[in-house]
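Here are some comments for a colleague who has the model open. They begin with a single residue and then move to other topics.

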Protein chains: 2
Amino acid sequence: MPGPTGARPRVVVVGGGFAGINAVKGLRDAPVDVTLVDRRNFHLFQPLTYQVATGALSPGEIAYPLRALFHAAPNVQVLLGDVSGFDLDARQVMLAPTDGAATAERVPYDLLVVAAGSAYSYFGHDEWADSAPEVKSLESALHARSRILEAFEHAEATDDPERRRELLTFVVVGGGPTGVEMAGQIGELARDTLRKDFRAIDPRHARILLVEATDRLLTSFPPSLSRRAAGALEQLGVTPLLDRMVVGVDGDGVDLRAPDGTIERVAAETVIWAAGVRASPLATALGTATGAAVDGAGRLTVNADLTLPGHPEVFAAGDMVRIRDEHGDQVTVLPGVAPVAIQQGKYLAKAITRRVRDGRSAGPFKYLDKGNLATIGRRRAVADLHVARLSGTLAWITWLIVHLYYLIGFQNRLLVLLRWLYSFLTRGRGARLITGAEYEGRD
Amino acid sequence: MPGPTGARPRVVVVGGGFAGINAVKGLRDAPVDVTLVDRRNFHLFQPLTYQVATGALSPGEIAYPLRALFHAAPNVQVLLGDVSGFDLDARQVMLAPTDGAATAERVPYDLLVVAAGSAYSYFGHDEWADSAPEVKSLESALHARSRILEAFEHAEATDDPERRRELLTFVVVGGGPTGVEMAGQIGELARDTLRKDFRAIDPRHARILLVEATDRLLTSFPPSLSRRAAGALEQLGVTPLLDRMVVGVDGDGVDLRAPDGTIERVAAETVIWAAGVRASPLATALGTATGAAVDGAGRLTVNADLTLPGHPEVFAAGDMVRIRDEHGDQVTVLPGVAPVAIQQGKYLAKAITRRVRDGRSAGPFKYLDKGNLATIGRRRAVADLHVARLSGTLAWITWLIVHLYYLIGFQNRLLVLLRWLYSFLTRGRGARLITGAEYEGRD
């Protein structure tokens, strides 16, 4: 399938997440020219971003420069750019104007892969974002880290008991893996890491509330493991609040609605958001351009081979899509986890290589679910491996091994292992720094 | 010397830099209650901050939480606060109002140590700071890192050769150790780390200009080593511009005045500032309050025992002071380097302990100058050790050992060693991430 110029087909991959980089990796030796477009210059290992938010890890340990990933692949070009839309007829990706180019740039493609991921949605209340940082993006995680640590600092400084209680109350919204992991980390921070650090306050008295709208945590796990997770969290001083809907967030706390409709106000200085993701606007853009369905969470419905209906040259993958099976009668939403994106990226590389080599199209994408992991704290985790359901130390070790294995880059893996080893032995956290724009140029 | 309440004397230390933390460390077993006040919650290993600015190190590797340093010392309290001034008569340190307290807080002391350090001054042109970040504070170093990496990214994206040349021109202002180290690091970044990373540009063609107002680099070193440093820099593609005065800085470049008065315009996207430090405003505050002399760089003149004239209960140290010798006829400005601050901090701990134990006052502070080190790049450095003047690999190894030895915290030392080892073997830089406030909440 040669390009219009008769040259090698040009594959443009939008998004340097798990789906994108695995697609590009698989195309390094294919007879194509690949352009990877991302607005960040690094791949972020999102499953561990929450550990940056609690000072367990540094940004450099979970982020890896995209150029460094592919500098040895001459057929791969990395382009730092913000994709503003697509011209499917002209087969061009449109970039928002950058410093480099005055006018919007256009990147032509023969085959297009869009894997722009998703971001946390605030149930349509974007204004909540200021009061309740999420821990999906690196900057927001660093912001959350500063907020959490500052709360303890200010509690140490104040004499007002009520204010102190508010400062030492931490609300995590969302009982999924990220929320559970986040609440567990704050619990360990308060009980272990900071235990001896203060003189006026006892960090162990911190209130940590984990708010979940449904009747159990980790709904993607079997109920037995949800119960074990809740128990492990309680041991860390975390109080799960089930069947509670967040109806208000501001600088002073949250409003929670109970099943009976009563609204409870919780005064809290620190609120962390880990509920409800929304697909990238680029999913909607593709839907509008092609008439493909887009669901309430902004996910684009693609064919079983991840192509866009009516556009076999356009693929979409990752947690911005739903998949319609080959018979066209059932639509599946796969969990928004790294393994799905990784498998889809590898599948796309194979599908594209086959299409380019001999025009054959690939069969439907099949997700091999190897299981489900969530960690709560040191030697506390749950693992649903189908063959076995683990909890406690064994599940935790499984979690460690899996995450170290998938951590990109030999160096990062070593650094993270070293930090974790240190943290495990000393219960310390090396990266608990309060940093932020407000300090720009000071010191 | 009991406090007014008859309790143990209260020692307040302002500033968690090298002088401050060494003073507090030395007082852990003294019969005093110590309060360490800093507006940041971490000690920053400033001699390596420039390596964060070039992606060689992550913030967490050169910053260490103050509370973690002293959590085992029950007589030490760490207070996060911004000192706004002093009430020397009432013997109180005044803090700017924080979230914790509505009104300005006051911290009473019996003995006071002020070591608030210094910041880069822009020759009175604070507006230059926006266009030319410095690499002394952590945030500014991260800002500089993003600016440097973005310049390469935008150069890859643009087709305009003139714009590309501007994007690939880097100006470092100041030929002291930091400027030399910074220029050398950018040279290595362009020639080694990024060499294979781009397709449209060749990073090795980057112009790196090191601007120095005097007639040689590293004026604190003997001329022979200045020449060697200049030679090593040129091997890395850095062009030293001597006898050039910066008379203008804006977003598009710098204006340089030659000795003959002619002004040359250099178009450059990236300008890094490493020239001219100014002492903390707290030095002037103490000077105004006591009539003690303050020099043009804002440094406070203290007695030979680092006490404030007329205030034996107030000590000042670090690069915010000049020292008048015991005969009162000579004033010395010691170099603003870590060893001076470390020795002064240890001296203060001894002096205060002695004063508290048996009222004796200490002799004058004596600085033991062990020598002078500056690194230019891998296996390129200069060392003036009095006994010997080294350059090249031997000086570089000396520099490595000294800096690893002084890096606070077992964990950080290991992490930095690991990163450096990795960088040395692969010429890679793990932490070259473009991050910043503009990405807040995005992913």
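This is a predicted model: local features need pLDDT of at least 70, side-chain atom pairs count only at pLDDT 80 or more; totals for chains, interfaces and linings use all residues.

1. With a relative accessible area of 16%, His311(A) is buried, and, when residues up to four places away in sequence are not counted, His311(A) touches Leu88(A) and Thr290(A).

2. Turning to the relation between the copies, chain A is superposed on chain B by a rotation of 180 degrees with 0.0 Å of shift along its axis, the RMSD being 0.0 Å. That is the relation of a two-fold axis. The same surface serves both copies, since 99% of the contact residues of chain A recur in chain B.

3. How many residues does the contact take from chain A and from chain B? Chain A gives 70 residues and chain B gives 69 residues, while the area buried between chain A and chain B is about 6200 Å², with 49% of that area coming from carbon and sulfur atoms.

4. As for specific pairs across the interface of chain A and chain B, the rule finds 20 residue pairs in polar contact, where both residues are at pLDDT 80 or more. It also finds two salt bridges across this interface. Glu153(B) forms a salt bridge with Arg67(A), and the closest N and O atoms of that pair are 2.5 Å apart.

5. The side of chain A that touches chain B receives two or more residues from each of several elements, among them α3 (59–62), β4 (63–65), α4 (66–70), α6 (138–157), α7 (161–167) and α13 (410–426) of chain A. Its largest share, nine residues, comes from α6(A). Sorted by class, this side of chain A has 29 nonpolar, 18 polar and 23 charged residues.

6. Over all chains, the structure holds 32 salt bridges, and one within chain A joins Glu166(A) to Arg163(A), with the closest N and O atoms 3.3 Å apart. Both residues lie in helix α7 of chain A, three residues apart, which is about one turn of the helix. Glu166(A) counts as buried at 16% relative accessibility, and Arg163(A), with a relative accessible area of 16%, is buried as well.

7. Because Arg265(A) lies in strand β16 (residues 263–267) of chain A and Asp255(A) in strand β15 (residues 253–257) of chain A, the pair ties together parts that are ten residues apart in sequence. Arg265(A) counts as partly exposed at 38% relative accessibility, and Asp255(A) is partly exposed with a relative accessible area of 21%.

8. In chain B, Asp110(B) forms a salt bridge with Arg10(B), the closest N and O atoms being 3.3 Å apart. Asp110(B) lies in the loop between β8 (105–108) and β9 (111–114) of chain B, whereas Arg10(B) lies in strand β1 (residues 10–14) of chain B, so this pair ties together parts that are 100 residues apart in sequence. Asp110(B) is buried, with a relative accessible area of 5%, whereas Arg10(B) is partly exposed, with a relative accessible area of 27%. Returning to chain A, salt bridges that share partners join Arg163(A), Glu166(A) and Glu269(A) into one network.

How values were computed:
Residues are numbered from 1 along each chain as its sequence is written. Chains are lettered from A and ligands numbered from 1 in the order in which they are written. Side-chain values use heavy atoms; hydrogens and water are left out. Contact means heavy atoms within 4.5 Å. Buried area is the accessible area (1.4 Å probe) that two parts lose on being put together, summed over both. A salt bridge is a side-chain nitrogen of Lys or Arg within 4 Å of a carboxyl oxygen of Asp or Glu. A polar contact is a pair of N or O atoms within 3.5 Å; within protein, one must be able to donate a hydrogen and the other to accept it, and residues adjacent in sequence count only if both atoms are side-chain atoms. Helices (H or I, at least four residues) and strands (E, at least two) are DSSP runs, numbered from the N terminus. Ala, Val, Leu, Ile, Met, Phe, Trp, Tyr, Cys and Pro count as nonpolar, Asp, Glu, Lys and Arg as charged, and the others, Gly among them, as polar. Buried means under 20% relative accessible area, exposed over 50%, partly exposed in between (1.4 Å probe, protein chains only). Copies are superposed by least squares on the C-alpha atoms of residues with pLDDT of at least 70 in both.
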